[in-house]
Amino acid sequence: RSKFLGGLMSKVMVRFPHHPERSRGMAPIRRHPVRLDGVVGIGKVAFLLFSLFLFSNSFAWQQQVDYKIEAQLKAKEHKIEAKQTLIYINNSPDTLKKVYFHLYLNAFQPGSYMDKKSRTMADYDLVNLPKEKWGKQEVKVLKVDGQEVTDYIINNTILELNLPNPLPPGEKVEFYFEFTDQVPVDGGRMGRKGNHYDIAQWYPKIAVYDHKGWHNYHYLGTF
């Protein structure tokens, strides 16, 4: 039989087989302490290695993005005029044939996905908002590696772009935008009230791509 002491030590009682010639007190019961530190340690190491294996499989790579933006706020028109250059490095093991960008400001207008959700929650009133008070993000020019492209679709807050050439693992691509923002009224973290402006998520932002694929979700009310 054995008894564990704190999970690290056990004492095992060992009884030797009975021998007739030792029946007169020649075969005593001997106690041999057996340390289990090594066994427990191996178990901990194995668990740690298994955890690291799962972690490395899920998060072994991360895409790299570098933005350079020149922008001007035109307060009288409640607009932002901007130029953006974005270098995107594909560190994934996948060849990418398309990319997605978030155009968050397009949520602040009637008919948007956020508007439809807000109607059921009485969260943000967009239904009767005059057009000049909408939030809006207009892409004027879009280039890929210096070549102007038009093969893209804007669906509310998501821009889906088919790349002119597939982007293999380890390669990079340059995106260039010229765009105009119309700042909405009192939009919480993004909006204007009088001469006060809160500016957030105001530029075309490339969606996250990881081991689960593209996170091209529409904006529904929180950044």
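1. Basis of the note. Because the model is predicted, local features are taken only where pLDDT is at least 70 and side-chain atom pairs only at pLDDT 80 or more, while totals for chains, interfaces and linings use all residues. Residues are numbered from 1 along each chain as its sequence is written, and side-chain values use heavy atoms, with hydrogens and water left out.

2. The five-stranded sheet. Five strands form an open antiparallel sheet in the order β4-β5-β11-β7-β8, where strands are DSSP runs (E, at least two residues) numbered from the N terminus, and two strands count as paired if DSSP finds at least two bridges between them. At the edges stand β4 (64-74) and β8 (147-148), and each has a single partner strand, so one side of each is left without a neighbour in the sheet.

3. Pairing around β11. The antiparallel strands β5 and β11 are joined by eleven bridges, and within this pairing Ile 80 has Asp 181 of β11 as its bridge partner. The strand β7 also runs antiparallel to β11, with eight bridges between them, and here the bridge partner of Leu 142 is Phe 177 in β11.

4. The hairpin of β7 and β8. These strands pair in the antiparallel sense over two bridges, with Val 144 standing opposite Gln 147 in β8. Two residues lie between the strands of this hairpin, and Asp 145 takes a positive phi near 50° there.

5. The four-stranded sheet. Four strands form a further open sheet, with antiparallel pairing, in the order β9-β10-β6-β14; its edge strands are β9 (152-155) and β14 (205-206), each of which pairs on one side only. β6 and β10 are paired antiparallel over six bridges, with Leu 167 in β10 as the bridge partner of Leu 96, whereas the antiparallel pairing of β6 with β14 rests on two bridges. β6 is mostly covered, since five of its seven residues are buried, meaning that they have under 20% relative accessible area with a 1.4 Å probe and protein chains only.

6. The nonpolar core. A nonpolar core is here a set of buried Ala, Val, Leu, Ile, Met, Phe, Trp, Tyr and Cys residues joined through side-chain atoms within 4.5 Å. The largest such core has 34 residues, and those with the most contacts inside it are Tyr 88, Val 99, Phe 101, Leu 161, Phe 175, Ile 206 and Trp 214. Two or more residues come from each of β5 (79-89), β6 (96-102), β7 (136-144), β10 (158-167) and β11 (172-182), and β10 gives the most, with five residues.

7. Ile 206 in detail. This residue of β14 is the bridge partner of Phe 101. Residues up to four places away in sequence aside, Ile 206 touches Val 65, Tyr 67, Leu 86, Tyr 88, Val 99, Tyr 100, Phe 101, His 102, Phe 175 and Trp 214, a contact being heavy atoms within 4.5 Å.

8. Positive phi in two loops. Most residues other than glycine have a negative phi. Asn 156, in the loop between β9 and β10, has a positive phi near 60°, and Asn 156 is buried, with a relative accessible area of 17%. Gln 201, in the loop between β13 (196-198) and β14, likewise has a positive phi, near 50°.

Notes: Buried means under 20% relative accessible area, exposed over 50%, partly exposed in between (1.4 Å probe, protein chains only).
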